[in-house]
Amino acid sequence: MTIVFVETDPAGEVTLTSAEAITFARTQLLPDGGAATSREVSGPPSGSPEAVVIGELSDAAVEELGRLGVSISHHLEHPDLAEYSAAAWAQAIVDVTPEAGTLLASGTPRGMELMAHAAVRTGARMAANVVAADEEGLLRQVHGGTAFERLSLDGDLQVLTIAGHACTPEETTPTTPEIYDYDLTVAEADLTTRVQRTEAEAADDASGLTSARAVVGAGRGVGSENGFSEVLELVDHLGGALGVSRVVTGLGWRPHAEQVGQTGSRISPDVYIACGISGAIQHMAGIEGAKTLVAINTDEESTMVQRADYAIIGDLHEVVGAVNEEIARRRG
Ligand SMILES: Cc1cc2nc3c(=O)[nH]c(=O)nc-3n(C[C@H](O)[C@H](O)[C@H](O)COP(=O)(O)OP(=O)(O)OC[C@H]3O[C@@H](n4cnc5c(N)ncnc54)[C@H](O)[C@@H]3O)c2cc1C
């Protein structure tokens with residue numbers, strides 16, 4: 001059985017990345033939850049994955065799970081699980097999924113942490129950043145997404161995280177998932193580390209970044225904390241989002257939630273316009289999914305320019321300023 005840990009957003013809806021993980025489970029894993037040849041399972045990939053949801057399960061989420069082909073949703077609600085605690089949540093997931101052949105989550109920070117805990121607690125083998133599964137086994141990203149590794153995992157249970165944008169969420173013939181509720185006991189020892197308070201700033205909301213169709217990237221080349229006016233104006237014109245390099249967040253010019261790359265968000269917009277970003281491996285890992293890459297850089301030898309579909313060599317303030325003026329002029 002394939003069981004997916006599903007995250008919901010503050011509105012109670014299934015997150016985009018969890019929808020991707022469910023689709024991955026339904027379309028790429030074999031019916032018993034296995035993907036690797038070691039499982040000796042034949043037949044087409046298919047099957048109805050099950051979901052685990054911790055916390056409130058809204059009607060909208062149940063409907064979406066049904067549209068994504070989920071047959072059963074294990075629903076865990078307990079006062080001790082109300083705030084996130086990696087150990088307690090992972091143990092709860094493990095407790096209610098003894099039948100799992102594959103336990104997986106999207107490769108978000110929370111999904112990664114929970115699956116790692118679950119693998120340790122069950123003694124299962126784990127593969128992170130999986131992008132595909134077929135009769136030959138699993139394919140996963142390594143070295144920040146610059147290389148791929150084929151592998152298969154032994155054992156009765158395999159634990160996976162699915163790389164963001166490894167597949168596109170696909171709805172199927174809608175079903176009404178059965179909801180299983182549980183009476184849980186949470187061990188005090190598992191609650192030693194838990195979230196005590198959450199503070200959300202509007203600027204810390206990266207959800208717009210991962211779903212934006214147009215992202216304007218800004219790197220060290222903007223020059224200073226006050227150098228973002230042109231790129232922010234372009235973001236506005238395009239109705240998109242701002243993404244930045246680690247240098248920019250490291251210098252405290254912009255919040256970490258806007259960081260793109262290996263240790264930031266992985267994005268797949270229709271267009272990514274990289275302004276003053278050199279194209280370090282760790283940054284490129286976050287933009288592999290971009291359909292069109294535009295570079296604006298003073299250095300024509302930079303990796304970003306070399307990898308771009310279109311490049312403009314010049315000072316980003318001048319170039320982006322001119323682009324903004326032209327957009328404003330054409331829009332009257
Ligand atoms: C473990 C690890 C994880 C990391 N994770 C990430 C990550 O998630 N995301 C990430 O981005 N980085 C990450 N990094 C850092 C990464 O290696 C680079 O240091 C970083 O991406 C460089 O940022 P940058 O391109 O803004 O700066 P730089 O490399 O300094 O490049 C600045 C660019 O701006 C250009 N430029 C300068 N002035 C102008 C101008 N006026 N107009 C136009 N162009 C101009 C320059 O030609 C240059 O190409 C990570 C590093 C490590 C070790």
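Below is a short exchange on how terms are applied to this predicted model.

User: What should I know about numbering and values here?
Analyst: Residues are numbered from 1 along each chain as its sequence is written, and side-chain values use heavy atoms, with hydrogens and water left out. The model is predicted: local features need pLDDT of at least 70, side-chain atom pairs count only at pLDDT 80 or more, and totals for chains, interfaces and linings use all residues.

User: Why is Asn-129 called buried?
Analyst: Buried means under 20% relative accessible area, exposed means over 50%, and partly exposed lies in between (1.4 Å probe, protein chains only). Asn-129 has 18%, so the residue counts as buried.

User: What makes Glu-64 and Arg-67 a salt bridge?
Analyst: The term needs a side-chain nitrogen of Lys or Arg within 4 Å of a carboxyl oxygen of Asp or Glu. Here the N to O distance is 2.6 Å, so the pair qualifies.

User: How are Glu-64 and Arg-67 placed in helix H2?
Analyst: They are three residues apart in H2 (residues 59-67), so about one helical turn separates them. Helices (H or I, at least four residues) and strands (E, at least two) are DSSP runs, numbered from the N terminus.

User: Is Glu-64 buried or exposed?
Analyst: Buried, because its relative accessible area is 17%. Arg-67, at 29%, is partly exposed.

User: How do you know that Asp-270 and Arg-213 form a salt bridge?
Analyst: Their N to O distance is 3.5 Å, so the pair meets the rule. Asp-270 sits in the loop between helix H7 (246-250) and strand E12 (271-275), and Arg-213 in the loop between helix H5 (207-211) and strand E10 (214-218), so the bridge ties together parts 57 residues apart in sequence.

User: Why is Arg-329 called exposed?
Analyst: Its relative accessible area is 58%, so Arg-329 falls in the exposed class. Its salt-bridge partner is Glu-326, at 2.7 Å, N to O. Glu-326 has 28%, so this residue is partly exposed.

User: Which two domains is the chain divided into?
Analyst: Domain 1 covers 2-191 and domain 2 covers 203-330. The bounds come from an automatic or database domain assignment.

User: What is the area buried between domain 1 and domain 2?
Analyst: About 610 Å², with carbon and sulfur atoms giving 47%. Buried area is the accessible area (1.4 Å probe) that two parts lose on being put together, summed over both.

User: How many salt bridges cross the interface of domain 1 and domain 2?
Analyst: The rule finds zero there. The structure holds eleven salt bridges.
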